[in-house]
Amino acid sequence: MIYKFRIILDLEEDVFRDIEVEGNNTLEDFHNAVSQAFGFDGTEMASFYVSDEEWNQGEEIALFDMSESGSEVKLMAETHIEDLLDENNRNLIYVYDFFSMWTFFVELADIAEKEDGNTYPNLLYVHGQLPDAPPVKKFEAEDLSDGEDDDMDDLDIDDFDNYDFDQNWN
């Protein structure tokens with residue numbers, strides 16, 4: 001099967017690419033197609049994140065395992081598109097170059113039969129130009145305060161005698 005995607009740069013202006021790939025391709029193959037479609041050289045670290053319809057970031061699928069603890073990291077080279085996405089699970093977030101944080105919304109538009117004569121991946125449509133620099137991200141926490149005084153307001157950060165932990169905790 002062929003999976004048709006729209007990959008949208010997280011930017012106020014419309015910048016997107018439509019790409020179709022084979023369902024049995026890995027996410028690493030898809031990463032290569034997306035990075036080339038946007039003019040990147042593909043040498044920077046990248047990850048896909050499973051996402052819901054509201055674009056909430058879920059499980060990471062990394063290009064490389066950079067963890068030191070040996071934790072189970074899902075890898076692009078071991079994850080096939082058809083095993084991850086279907087009619088009910090259509091969205092991914094793609095982050096390219098963690099220093100620059102190029103962030104893209106990846107939406108599965110269609111699953112279709114393979115057409116004879118086409119080669120895949122296939123860049124179907126290009127709209128907009130990639131800016132010279134990535135959009136600036138604002139990392140802001142949600143204000144969860146209820147407006148009432150918090151017990152933490154009375155703490156003196158320099159008064160270690162009032163903390164409830166053993167001073168020789170190392």
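User: Which residue in the turn of the S3 and S4 hairpin has a positive phi?

Analyst: In this predicted model, local features need pLDDT of at least 70, side-chain atom pairs count only at pLDDT 80 or more, and totals for chains, interfaces and linings use all residues. Residues are numbered from 1 along each chain as its sequence is written, and side-chain values use heavy atoms, with hydrogens and water left out. Strands (DSSP E runs of at least two residues, numbered from the N terminus) S3 and S4 form a hairpin with five residues between them. The turn residue with a positive phi, about 65°, is Trp-55.

User: Over how many bridges do S3 and S4 pair, and in which sense?

Analyst: Strands pair if DSSP finds at least two bridges between them. S4 covers residues 57-62, and its Ala-62 stands opposite Ser-47. The pairing of S3 with S4 is antiparallel, over four bridges.

User: What is the bridge partner of Val-50 in S6?

Analyst: S3 also pairs with S6 (residues 91-96), in the antiparallel sense over six bridges. In S6, Val-50 has as its bridge partner Leu-92.

User: How many of the six residues of S3 are buried?

Analyst: Buried means under 20% relative accessible area (1.4 Å probe, protein chains only). Strand S3, residues 46-51, is mostly covered. The number of its six residues that are buried is five.

User: What percentage of the residues in the chain is buried?

Analyst: The chain has 170 residues, with eight strands and two helices (DSSP H or I runs of at least four residues). The buried share of its residues is 32%.

Note on methods:
Buried means under 20% relative accessible area, exposed over 50%, partly exposed in between (1.4 Å probe, protein chains only).
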